[in-house]
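Welcome, and thanks for taking a look at this protein with us. Please keep the sequence and the 3D view side by side as you read.

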Amino acid sequence: MKGRKETTNRIMKPGQDLVAAGAAGLKGTKALTAGCFAQLSPWFSRSYLENILKEPETDLLQYKDLLKDLGAGEMELAGEGGILKAIWDLTGACRVGAEFSLRRIPIKQETIEICERLQVNPYRLFSSGCLVFAADNGGRIAEALEERGIPAAVIGRVIEGIARKIQGEETGYLERPREDELVRILGRCPA
């Protein structure tokens with residue numbers, strides 16, 4: 001997990017599924033909503049914004065043993081820099097590449113709406129309730145998480161080399177991580 005030094009490609013191998021669990025950008029969305037409440041108020045009702053602030057966050061680390069039992073390999077908890085930084089860190093530490101789709105990453109509609117209004121990239125937004133991992137059968141693990149009320153999906157796969165390809169209408173490549181969007185908007189990330 002976090003703080004890991006670069007290793008050889010022992011745990012992640014080409015052909016494995018790349019899975020995202022938890023809602024990307026949720027903690028950052030809550031921080032943006034709190035920090036930009038007045039700016040957002042003309043666009044969203046007070047109750048809508050207050051509900052975002054009350055949205056519970058899941059501690060995915062409590063499921064670490066379950067994930068391992070189900071076959072999850074190397075994992076990376078998203079935090080500052082969002083899910084894209086977590087993908088970058090995970091693949092870099094294991095010296096493998098990945099191809100994935102942003103559209104498959106679990107994300108709440110509220111996050112999309114708040115980020116759109118504030119011109120923020122939700123995938124580069126603080127995401128402490130989100131985890132990325134590799135597995136031989138990621139679909140089975142995603143189903144097990146969904147049964148527990150945790151959004152999860154196979155977002156791509158591990159590939160040979162070190163390229164991090166973003167699949168979509170056009171193929172692009174993941175850039176080196178930048179500062180978290182919260183720093184750009186609020187000047188800080190949550191503790």
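Here is a short briefing, grouped by topic.

This is a predicted model, in which local features need pLDDT of at least 70 and side-chain atom pairs count only at pLDDT 80 or more, while totals for chains, interfaces and linings use all residues. Residues are numbered from 1 along each chain as its sequence is written, and side-chain values use heavy atoms, with hydrogens and water left out.

**Overall architecture**

- The protein has eight helices and seven strands; helices (H or I, at least four residues) and strands (E, at least two) are DSSP runs, numbered from the N terminus.
- Its radius of gyration is 16 Å, close to the 16 Å from the globule rule for 191 residues, so the protein is as compact as a globular protein of that length. The radius is taken over C-alpha atoms, and the rule is 2.2 Å times the number of residues to the power 0.38.
- The C-alpha trace spans about 50 × 35 × 35 Å along the principal axes.
- Of the 191 residues, 49% count as buried. Buried means under 20% relative accessible area, exposed over 50%, and partly exposed in between (1.4 Å probe, protein chains only).
- Among contacts (heavy atoms within 4.5 Å) with a separation of 6 or more, 83% join residues 24 or more positions apart.

- Helix 7 covers residues 138–147, and its buried residues are Gly138, Ile141, Ala142, Ala144 and Leu145.
- These residues cover an arc of only 160 degrees around the axis, which puts them on the same side of helix 7; the arc is that of the directions from the helix axis to the C-beta atoms.
- As background, an α-helix has 3.6 residues a turn, so residues three or four places apart point the same way.
- Glu143 and Glu147 are exposed on the face of helix 7 turned away from its buried side.
- The cover over the buried residues of helix 7 includes strand 1 (17–21), helix 4 (64–70), strand 2 (72–77), strand 4 (131–135) and strand 5 (152–159).
- Glycine 149 follows helix 7 and has a positive phi, near 85 degrees.

- Threonine 111 lies in helix 6 and is buried, at 0% relative accessibility.
- Leaving aside residues up to four places away in sequence, threonine 111 touches Ala24, Gly25, Leu26, Thr29 and Pro122.

- Tyrosine 63 sits in the loop between helix 3 and helix 4 and counts as buried at 18% relative accessibility.
- Tyrosine 63 and leucine 145 are 82 residues apart in sequence, and their C-alpha atoms are 8.9 Å apart in space.
- Arginine 95, in the loop between helix 5 (82–94) and strand 3 (97–101), has a positive phi near 55 degrees although it is not a glycine. Arginine 95 is partly exposed, with a relative accessible area of 46%.
- Glutamine 119, in the loop between helix 6 and strand 4, is another residue other than glycine with a positive phi, near 55 degrees. Glutamine 119 is exposed, with a relative accessible area of 67%.
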